[in-house]
Amino acid sequence: TSFIKGIDMLKKIATGYKKLFSTAAKIVLLALLCLAISFIFVWPLWKWAMTSPSSYSTLLLILAALLLLWCFYKSIKKNGINAFILNAVKLLIILGGIAGCILLVLKGHRLLALAVLFAAFILYGIVAFGIKNRKSQEKN
């Protein structure tokens with residue numbers, strides 16, 4: 001009986017190592033597959049960018065603009081034009097405040113940068129919390 005228990009233990013150990021090596025092989029194969037696919041896509045793009053940077057940059061800018069327009073369209077379709085414009089204004093206030101603050105700090109106008117940051121903070125509060133959307137006004 002101890003001999004049979006020993007054989008069962010060896011089978012369990014062999015099964016455990018089989019699972020371990022199988023998992024390791026799957027990980028290695030997945031890494032090799034990712035490497036091959038990335039080489040297939042990245043190398044031609046890199047080659048194109050090196051040989052004709054203007055056409056590559058133009059196409060990527062066009063694709064990025066189309067993606068941005070598609071995201072705008074989906075957002076307008078989902079939330080409505082008023083919510084989209086409100087969110088866009090809030091984003092522009094945040095980005096403009098940060099950009100203005102950074103530019104003023106780099107030019108040495110620290111106090112003015114602080115004023116711009118404070119103004120952007122106040123303006124964002126007015127736009128985000130002071131303007132009610134039509135749905136909440138209709139409920140009241």
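The questions and answers that follow concern this predicted model.

Q: What makes up the secondary structure of the chain?
A: The chain has five helices and zero strands. Along the sequence the pattern reads α-α-α-α-α.

Q: Why is the chain called more spread out than a compact globule?
A: For 140 residues the globule rule gives 14 Å, and the radius of gyration of the chain is 29 Å, well over that value, so the chain is more spread out than a compact globule. Along the principal axes, the C-alpha atoms fill a box of roughly 85 × 55 × 40 Å. Of the 140 residues, 9% are buried. The chain exposes about 12,100 Å², and carbon and sulfur atoms supply 76% of that area.

Q: Why are H1 and H2 called oblique to each other?
A: The axes of helix H1 (residues 2–51) and H2 cross at roughly 120° and come within 5 Å. Roughly perpendicular ends at 115 degrees and roughly antiparallel applies over 145. The angle of roughly 120° falls between those limits, so H1 and H2 are oblique.

Q: Which residues make the contact of H1 with H2, and how do they divide by class?
A: H1 contributes Leu45, Trp48, Ala49, Met50 and Thr51, while H2 contributes Pro53, Ser55, Tyr56 and Leu59. By class there are seven nonpolar residues, two polar and no charged.

Q: Why are H2 and H3 called oblique to each other?
A: Helix H2 (residues 53–79) and helix H3 (residues 81–106) pack at about 125°, with their axes 7 Å apart. The perpendicular range stops at 115 degrees and the antiparallel one lies over 145, so H2 and H3 are oblique. On the H2 side the contact is made by Phe72, Ser75, Ile76 and Asn79, and on the H3 side by Ile81, Ala83 and Phe84. Five of these residues are nonpolar, two are polar and none is charged.

Q: What makes H3 roughly antiparallel to H4?
A: The axes of H3 and helix H4 (residues 110–130) cross at roughly 170° and come within 8 Å. Angles over 145 degrees count as roughly antiparallel, so H3 is roughly antiparallel to H4.

Q: Which residues of H3 and H4 meet?
A: From H3 they are Leu86, Val89, Lys90, Ile93, Ile94, Gly97, Gly100, Cys101, Leu104 and Val105. From H4 they are Arg110, Leu112, Ala113, Val116, Leu117, Ala120, Leu123, Tyr124, Val127 and Ala128. The contact of H3 with H4 has 16 nonpolar, two polar and two charged residues.

Q: Why does Lys90 count as buried?
A: Buried means under 20% relative accessible area. Lys90 has 18% relative accessibility and therefore counts as buried. Lys90 is in helix H3. With neighbours within four places in sequence left aside, Lys90 is in contact with Tyr124, Val127 and Ala128.

Q: Why is Ala65 called partly exposed?
A: The partly exposed class lies between buried, under 20%, and exposed, over 50%. Ala65 has a relative accessible area of 38%, so Ala65 is partly exposed. Ala65 is in helix H2.

Q: How far apart are Ala65 and Ile131 in sequence and in space?
A: Ala65 and Ile131 are 66 residues apart in sequence, and their C-alpha atoms are 30 Å apart in space.

Note on methods. Residues are numbered from 1 along each chain as its sequence is written. This is a predicted model: local features need pLDDT of at least 70, side-chain atom pairs count only at pLDDT 80 or more; totals for chains, interfaces and linings use all residues. Side-chain values use heavy atoms; hydrogens and water are left out. Axes are lines fitted to C-alpha atoms, for helices over the stretch in contact, and angles run from 0 to 180 degrees between N-to-C directions. Helices (H or I, at least four residues) and strands (E, at least two) are DSSP runs, numbered from the N terminus. Angles under 35 degrees count as roughly parallel, over 145 as roughly antiparallel, 65 to 115 as roughly perpendicular and the rest as oblique. Contact means heavy atoms within 4.5 Å. Ala, Val, Leu, Ile, Met, Phe, Trp, Tyr, Cys and Pro count as nonpolar, Asp, Glu, Lys and Arg as charged, and the others, Gly among them, as polar. Buried means under 20% relative accessible area, exposed over 50%, partly exposed in between (1.4 Å probe, protein chains only). The radius of gyration is taken over C-alpha atoms; the globule rule is 2.2 Å times the number of residues to the power 0.38. Accessible areas come from the Shrake-Rupley method with a 1.4 Å probe; for residues, only the protein chains shown count as cover.
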